[in-house]
Structure formats: structure tokens, C-alpha cells
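This report describes the strand pairing in the model shown below and then turns to a single loop residue.

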Amino acid sequence: LRRNPGETEFFQAVDEIFASLSPVMERHPEYVEHGILRRMVEPERQIIFRVPWVDDKGVVKINRGFRVQFNSALGPYKGGTRFHPSVYLGIMKFLGFEQVFKNALTGMPIGGGKGGADFNPAGRSEGEIMRFCQSYITELYRHIGEHTDVPAGDIGVGTREIGYMFGQYRRITNRFEAGVFTGKGVSWGGSLVRPEATGNGVVMFANQMLKTQGTSLDGATVTISGSGNVAINAIDYAQRLGSRVITASDSSGYVVDEQGIDIDLLHQVKTVERGRISDYAERRSQARFIADGSVWDVPVDVALPCATQNELNGDDAVTLIKNGVKAVAEGANMPSTQNAIHTFRDAGVLFGPGKAANAGGVATSALEMQQNASRDTWSFDYTHARLEENMEDIHDRCIATAEDFGHPGDYVTGANIAGFLKVADAMIAQGII
Ligand code: NDP
């Protein structure tokens, strides 16, 4: 705490993982001897830098850029880039720390990292977004590379922003190094299915959890929070699997659409027009827009938080349970507070933590890196089948590990221990570094 003052979200992420590890430490005292826990919470490298840019009125603006290169024992640092005004070191470190375990859990050869800036893209023109991305990369380019650190998107960063960053990287380095970013456009080195992967993957994971209880998403009523990349692709895929998704949200409120969200309209409003969720309700007569309260007040079978950290608290969990929720899978990173997680577990609700349930995005990023390395392009169907296989493997690894360490059916314990073991063993094999 003294060394990392004020980094609340980082402490929360560390607590959540370390709380699962006591059975591992009992069985493997060598991890204590090698100082593994103390080494794991210290990022290998943290880069913090000035991002100067000029807005459309000619005013000079200064933001703070970050890249936290957390752990590369399993491969190059890999993790998204977040542009949001709330970004500070504590958020970057929580995301980077989670990413280390998530990436290990995918079974792919990737380490963990995260980056971003306290830049607010809302309301900024195309030119301002481009200049900001260029300035961000003008510093960061020297710290990344296909064998070093491979950024992707996250909140506020999609294909458009990756394009501007990749362009500036290519210009400075004079190299078309496709593998330095993932989430690229398909015509310049991106992978089919990458945009859909996180949202589709969380739905696959929820379905796999339900199947262990002899049910499925077919016919289920589902609430989803958010209306960005992850949420839209989760809504779309859940509806394809036969469920009725009745909510979507953004930071201004949420909509309830009892007939099921019209995915084309939502995509048009939020992705094409970059509008607000209330615009959706204005154009769809049966939908209601609610500015106060919480999306979790709506009775459902399955809840998929897909917006941001700490968006589902203990009270929300109690309400969801009272309303009959059977499964919760996290599309966002750390959307449920510790209190909410304990409440779900105590009530026997199936709970898929983000580092397992939303790992489809980074797993497909690793597939993008494979395609770039072999200068190959895979079909949508083949890549989607690989995503499904990955999600099944992750699900089964969580179940098997939880069982092995005496917590059958506990996906949180399973995910944390499975990820930890892989990273810890690699760290020991590579010496005290
Ligand atoms: P987007 O920027 O595409 O969408 C984010 C959505 O969440 C928007 O609807 C946004 O609303 C909402 N949101 C953000 N902050 C808040 C807030 N403080 N309160 C309420 N709503 C908020 O991001 P993504 O969909 O890519 O990311 C969503 C989550 O998924 C994040 O936690 C991210 O870390 C996680 N994730 C993303 C992956 C990916 O592949 N993109 C991979 C794995 C995890 P508004 O427009 O009003 O800000």
C-alpha cells in the first residue's frame, strides 16, 4: 500500500487473485521461496509520458499516456489501450495485472500489459482523434514491437484508433510490422472475428456454464450493460443463440426493450453515429430509456456486465438474485465488486470472472499475431471455430483446476489458480529476474 499509494483498483485486483491462492501455496512452498507473489505484483516496466496535441481551435492540450509492461514470462507483453478520462496508474495496473493471468489462461504464448491515456474521445473530431493517436505513438513506438509489446484496443479505442496508431508507427519506423498491434482493419493485417471475439466469447462462456446445469441460453432472458464493442457483439451473439436480450446502456443511462434489442439500430446509433443510448429509445417506440437506477434492477435469467469496472455491486447482486438470475459472466474487466462476487457464490449463482469469460478477445488477438507471422489470412468460419474451441478450453481448464484444488464449480478459483501456475512456473524456470 505504501509503495503504490491510492491505486485502489490495483489493490482490488490483487486481493481478488491472491485470495484464491492459499491452497496453491500450501501445495507448492517453492513459490514462496522464489518470491513469486512479490515479484508478480511489481510490473517489469512502467512507462508514463506526456502526450501533447492541438485541438481544432488551435489550443494546445496535454494528456498523460501510460504503458504498464507487467509480465513477459510467457511471451511479449499483450493487452489493450484505453482512452478514458478516468485513466490513471491504478487503473492501468489493475488491467495489466488481470491481463497477465487471463493471457496465461488462454494457453497462448503471450505475456500481459496494458496502456492508455486520460484522454476523453467523446465529442472529439476525426482530426483531433488522429492527432492524439499520432502523438501517443510518437512516444510509445520505441517501447513496443511484435516481439516486445503488442497493444490492442479497449474502452475508447477501436479499429479507427488502432489504424492511426499503426500508421504513425509505420511512418516512424519505416517498417510494415503487422504484428505490432492487434485489432487492425482486415485489409491491412487484421483478423476476421477479432471485433466480435470478446462479445461472442463471453456468450459462449455463459452458455458453457449453463450447459453444466443442463440448460442453455436458448430461450433465456438476458441483461447486458454497455453498448460498445463488447456489449454489441455479446447482444448479437446471445440473440443468435436464441436468447432475448432486453437491455443496453452507456454512462448516461440504460434502455429496456422487452421485445429484444434491435441490434442493427443499436449498431447504427452507437457505432456509426457515435450517439447516446437515449437516441435508441427515441427511434424505437416500445423501448424505455431510464436515466437513474441500474440495468441490474431488471429481472433476468442471465446477466452479462460488458461496460466497465465496478459497475455491479453487492446490492445489485442481491437484486439480481431476488429476481432469479442463474448465471453471470463478465464481458468487462472487473465489473463486479468483491462483495458482488461473494454474494453470487454464496447464493450458488454460476459466476464466470472476466479473466476467463472475456478472454476470447485476447485469444483471437493471438490468432491475429499467428496470421501476421505466417502472412496468412484465415476465413471467418475457421477463426470463429478456433474462438469457440479456445473458450471451451478455458472453461474446462477453470473447472478442472477448481476441482483439483478442492473448490468444485468455482470458476473464480479455477481461473486464478490455472493462470497463476502457468506464469509462476515460467518465472521460476527463467530465474530471478
Ligand atoms: P467501448 O469503448 O467500445 O465501450 C464501452 C462501453 O461502456 C460504452 O457503452 C461506455 O459508455 C460504457 N462505459 C464506459 N465507462 C463507463 C462508466 N464509467 N459508466 C457507465 N458506462 C460506461 O469499450 P469495450 O466494449 O471495448 O470495453 C468494455 C469493457 O470490456 C471494458 O471493461 C474492457 O476493459 C473490457 N474488455 C474489452 C475487450 C475488447 O476486446 N475490446 C477485451 C476484454 C475486455 P459511454 O459511451 O457513455 O462512455
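How many bridges join strand β11 to strand β12, and in which sense do the two strands run? Strand β11 (residues 302-304) and strand β12 (residues 327-329) run parallel and are joined by 2 bridges. Within this pair, alanine 303 has valine 328 of β12 as its bridge partner. The model is a predicted one.

Both strands belong to an open sheet of 5 strands, ordered β7-β6-β11-β12-β13, in which the pairing is parallel. The edges are taken by β7 (244-245) and β13 (350-352); each has a single partner strand, so one side of each is left without a neighbour in the sheet.

In its antiparallel pair of β2 and β4, glycine 65 stands opposite alanine 117 in β4.

| Pair | Residues | Sense | Bridges |
|---|---|---|---|
| β2 and β4 | 60-71 and 112-117 | antiparallel | 6 bridges |
| β11 and β12 | 302-304 and 327-329 | parallel | 2 bridges |

Aspartate 55 lies in the loop between β1 and β2. Aspartate 55 is partly exposed, because 14 other C-beta atoms lie within 10 Å, a count between the limits of 12 for exposed and 20 for buried. Leaving aside neighbours within four places in sequence, aspartate 55 is in contact with Lys61 and Glu128. The C-alpha atoms of aspartate 55 and isoleucine 129 are separated by 9.3 Å, with the two residues 74 residues apart along the chain.

Note on methods:
Residues numbered from 1 in each chain as written. Predicted model: local features only at pLDDT ≥ 70, side-chain atom pairs only at ≥ 80, totals over all residues. Pairing = 2+ DSSP bridges. Helix = DSSP H or I, 4+ residues; strand = E, 2+ residues; numbered from the N terminus. Contact = placed C-beta atoms within 7 Å.
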